[in-house]
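Subject: Structure for you to look at

Hello,

Here is the structure I said I would pass on. Please open it beside this email and follow along.

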Amino acid sequence: MKQIFYLVASLIILSGCKKDSNSGPANITDKDGNTYTSIKIGSQTWMKENLKTTKYNDGTAIPLVTDGASWGALSTPAYCWYDNDAVTNKNKFGALYNWYTVNTGKLCPTGWHVPSDAEWTTLTTYLGGESVAGEKLKETGISNWESPNTGATNTSGFTGLAGGGRNWGGTFVSVGNRGYFWPSSEYSETSGWYRYLSNLDGKVYRVYGNKQDGFSVRCLQD
């Protein structure tokens, strides 16, 4: 009986030693069957990858819009892949969604949500403020960022990528040098808040842009 007790106790200790205290739930799955991992940063748990679902969490399809002029005329939800090239960009950078898609409240897997502007501020404040937080959020190296990728350390584990975006005119821009991320918060009737990271410095920029813009999304655990 003693031997069984010691064996169980040893297994518990070993299991505890292997656990990464910063890692959150693994194998989060969207309605397309894509899986994601996560990272705990301060009091928040974030997905470590950009969202790439083509369906809402109720299984409804999100409209795919490839034509630039049609994209710029939208006031309804849509997504696309950078350069309309899913083969190259889907697994690496995820999808680009307009703000109307974000605003449905159904974009992230169940138990997760698109963070608000305030929740993004919680993240950047925890990482030392907007002037330096980008250093800790950006993936290191120049595999997915153009040189010089200034200051990138990724000490947060967020692994932010330069997935670029699609502007309100339908043009694809900035892959390799900027990573754009939608929060769920509205700025005005035609604009929403967003954040972006740059290859040229270690800042997190908080600005607002047209709701037709297509940006990456990172989900936050409820």
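Below are some notes on a helix, a hairpin and a loop residue.

This is a predicted model, in which local features need pLDDT of at least 70 and side-chain atom pairs count only at pLDDT 80 or more, while totals for chains, interfaces and linings use all residues. Residues are numbered from 1 along each chain as its sequence is written, and side-chain values use heavy atoms, with hydrogens and water left out.

Helices (H or I, at least four residues) and strands (E, at least two) are DSSP runs, numbered from the N terminus. Buried means under 20% relative accessible area, exposed over 50%, and partly exposed in between (1.4 Å probe, protein chains only).

Helix H5 spans residues 117-126, and its buried residues are Asp117, Trp120, Leu123 and Thr124. They lie on the same side of H5 because they cover an arc of only 115° around the axis, taken from the directions from the helix axis to the C-beta atoms. An α-helix has 3.6 residues a turn, so residues three or four places apart point the same way. The face turned away from the buried side carries the exposed Thr125 and Tyr126. Among the elements covering the buried residues of H5 are strands S3 (38-41) and S4 (44-47).

S3 and S4 run antiparallel and are joined by four bridges; strands pair if DSSP finds at least two bridges between them. Ile41 has Gln44 in S4 as its bridge partner. Two residues lie between the strands of this hairpin, where Gly42 takes a positive phi near 65°.

Lys106 sits in the loop between helix H4 (99-102) and strand S7 (112-113). Lys106 counts as partly exposed, at 29% relative accessibility.

Regards

Terms used: Contact = heavy atoms within 4.5 Å.
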